[in-house]
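Visitor: Please walk me through the open spaces of this one, starting with the elements around them.

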Amino acid sequence: MTKTFEIAVFQGDGIGPEIMGPTLELLGQMAQASSAYDLSFTDAPAGAAHYAKTGESLPEHSMETARRADAILLSAMGLPDVRYADGTEISPQIELRKALTLFAGVRPVTVRKGQRTPLNMPADREIDFVLVRESTEGLFHSQGCGEVTKDEARETLLITREISEQLFEFAFTLAKTRKAAGRGPGKVTCVDKANVFRAFAFFREMFDAEAAKHTGIKAEHAYVDATALWMVQKPWDFDVMVTENMFGDILSDLGAGLMGGLGLAPSADIGRDHAVFQPCHGSAPDIAGQGLANPFAMILSAALMLDWLGIKHEISDMRRDGTRLRESVENVVARGQVLTRDLGGSAGTQEAARAVMEETFAA
Ligand code: ATP
C-alpha cells in the first residue's frame, strides 16, 4: 500500500527557489518510481521577500502548514537589506525551530575518496561523522534579550534537563542506527567545556547517565577547543558528536569547511514530532537569479528527510532512496566533472542537478 506524506515547502529567498525546484523534481521522480510511498508538496510562503511584500515573515497559515506536515523542507532564507524595525534579520527558520521544539540540529560531515578537501588526507581515509547541535537553548537562549549598558553586556546560557535528556537519547539512537547501517563504530562524543563551567559539568553528567543505558555504544568526552583541533587533525575518528548550541554553531561551519564549503553542507533540525530539513548556507543574494547556485546541500537535506521519514514510518524504500540520493551527490562530487563554481567547477544549478538525476536513475 502506498503511504502519502505531506511535505511543507518553504522556497525561501535569494537562491532558495532556484535550488528547491530541482530538489522537488528529484524527490517527485523517486516517489513516482516507488509503490511504497508518495510525496505531496504544499508551498508555505515566508521569508524576507514575503515580509517586504506583506509585513509578515512567517504567516500563521504557513506555520499551520508546517505543523500539519509530515516533514518540512526549507530552502535558504533571509536577505541582508530586509530587516525588522529593530534591525535584526528575518529568520523564520529560527522561529520554526523554537515553535516546534526542534532540539536536535543534525549536521552530517562526509568527505569521500576523491572529493576535494582543504585537508591533506591520507588516500585511504574518508570522513563520515554527524555533529548533533542542541538548537533551542544554550547560549542562544537569551538571543534578542541580552542586556547591554554603556559599560557591560550580558547574555545567559541555559541548559535544561528536559531538553538535554532528549538530546542525548537522540544522539545515542543515531549512533546505533548508523552502526546498524555500517556507517560508524557506534560512538558518541560529548563536546563541552566541563573543566571551566558548571553548566557544562551538568551537561556532561546527563550525558553520562544516558550513556549508561547504551552498553553497545562507546561514550567519550572532549573539550570544545580540543575538538576543533581534532576535527582538522583526525576527523575520521569521530562518529556522532553532541554539543551545546553555540559550540555546535561554530563547529558545524568547521565541518562544512572540511567538505569543501557550505554548498555541500546539509542539515536537519529534529524534535519529538516535527523536523525541518534545510541547507546550512544562506540565501547567497550575490549570486541569486543567475542560475549559479550549488543545489547539492539542498538535495542532501532532502536525502536526510527521506531517511528520517523512512526510519520513523518503517518504510525501507524511503531509507533506500535517501541513501541513493546521498550517494548520487557524493559520486558526482567525488568524480569532480560536474561541479558548481563554489566547488571549483563551472556548472550551473541545472547542470549540477541533472548530473545527480542521471546518477540516481542510472541503474
Ligand atoms: P546566512 O547568515 O543567511 O547564513 P551568510 O552570510 O553565511 O548567510 P551565505 O548566503 O551562505 O552567507 O553566502 C556566503 C557566500 O557563500 C556567498 O558568497 C555565497 O554566494 C556563497 N554561497 C552560499 N551558498 C551557496 C550555494 N548554494 N552555491 C554557491 N554559492 C553559495
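Guide: In the largest pocket, β4, β5 (127-134), α5 (161-180), β11 (266-270), α9 (296-312) and α10 (316-335) each supply at least two residues of the lining, where helices (H or I, at least four residues) and strands (E, at least two) are DSSP runs numbered from the N terminus. This is a predicted model, with local features needing pLDDT of at least 70 and side-chain atom pairs 80 or more, while totals use all residues. Numbering starts from 1 along each chain, and side-chain values use heavy atoms, without hydrogens or water.

Visitor: What counts as a pocket, and what volume does the largest pocket have?

Guide: A pocket is an open set of points on a 1 Å grid where a 1.4 Å probe fits, with protein on both sides within 12 Å along at least five of seven lines, and lining residues have an atom within 4 Å of a point. The largest pocket has about 1000 Å³, a volume being the space filled by probe spheres set on the points.

Visitor: Which residues are closest to its centre?

Guide: Leu174, Ile270, Asp307, Trp308 and Ile311 are the closest, out of 39 lining residues.

Visitor: Where does the largest pocket lie?

Guide: It lies between domain 1 (1-100 + 273-363) and domain 2 (104-263), because both give residues to its lining; those bounds come from an automatic or database domain assignment.

Visitor: Now the second largest pocket: how many residues line it?

Guide: The second largest pocket has 34 lining residues, with Gln93, Ile94, Arg97, Asp249 and Cys280 nearest its centre, and about 700 Å³ of space.

Visitor: Which elements supply at least two residues each there?

Guide: They are α4 (92-99), α8, β11 and β12 (275-279). Domains 1 and 2 both contribute to the lining of the second largest pocket, so this pocket lies between them.
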